[in-house]
Amino acid sequence: MKHNRVGLKYAISGFYSALKTEHNIKVHFVIMFITLFAGLLFGLSRLEWLFVLLAIGLVLALELVNTVIELITDVLFEDKHEKAKLIKDISAAAVLVAATFAALVGIIIFLPKILGLF
Ligand SMILES: Nc1ncnc2c1ncn2[C@@H]1O[C@H](COP(=O)(O)OP(=O)(O)OP(=O)(O)O)[C@@H](O)[C@H]1O
């Protein structure tokens, strides 16, 4: 139990470090808060919340993994290297796929509600 608490402390510390140093994570964090606020404002259904939360969690988790992959790549390849480029570009592509899915979820759920306001 104590071990779990210590693990959680390190995980939260890792999250703060990533948030402080990674611009993309900051941007996704701001988008997350705006989306959650909009969700509360529009009174999303249980199913809509499920998709929104899944999409947000997927993007944030992949951003964190992408950050780790970038860090490891920088340690392994100090100079320019074809493989380093490939690793970073594919890792960034994984985030892009999740972010695109999240944007689609956002459009499908929020667009009809926003249009309904007019
Ligand atoms: N060691 C390297 N060798 C070859 N290409 C590299 C190397 N490091 C980065 N690149 C290329 O430059 C791009 C930008 O890399 P950079 O390290 O500047 O930013 P990042 O760490 O991928 O992203 P960010 O810092 O914006 O979160 C990478 O996606 C990759 O295409």
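Trainee: Does Leu54 count as buried, exposed or partly exposed, and how many C-beta neighbours does Leu54 have inside 10 Å?

Mentor: Bear in mind that this is a predicted model. In general, nonpolar side chains in soluble globular proteins tend to be buried together. Here, however, Leu54, which lies in helix α3, counts as partly exposed because 13 C-beta neighbours are found inside 10 Å, and a residue needs 20 or more to be called buried.

Trainee: Which residues, then, make up the largest nonpolar core?

Mentor: That core has 10 residues in all, namely Leu44, Val52, Ala55, Ile56, Val59, Leu60, Val95, Ala98, Ala102 and Ile109. Helices α3 and α4 each supply at least two residues of the core, and the largest share, five residues, comes from α3.

Trainee: Which residues of α4 are buried, and how should I read their spacing?

Mentor: Because an α-helix has 3.6 residues a turn, residues three or four places apart point the same way. In α4 the buried residues are Val95, Ala98, Ala102 and Ile109, and they pack against α3 (46-76). Ala102, for example, is in contact with Ala55, Ile56, Leu58 and Val59, once its neighbours within four places in sequence are left aside.

Trainee: What span should helix α4 have, and where does a kink lie in it?

Mentor: The 34 residues of α4 (residues 82-115), taken at 1.5 Å a residue, should span 50 Å, and the end C-alpha atoms are 47 Å apart, which agrees. A kink of about 30° lies at Ile109, shortly before the proline Pro112.

Methods:
Residues numbered from 1 in each chain as written. Predicted model: local features only at pLDDT ≥ 70, side-chain atom pairs only at ≥ 80, totals over all residues. Helix = DSSP H or I, 4+ residues; strand = E, 2+ residues; numbered from the N terminus. Expected span 1.5 Å × (residues − 1). Bend = angle between axes of the 7 residues up to and from the residue. Buried ≥ 20, exposed ≤ 12 C-beta atoms within 10 Å, placed from the backbone. Contact = placed C-beta atoms within 7 Å. Core = buried A, V, L, I, M, F, W, Y, C linked by C-beta atoms within 7 Å.
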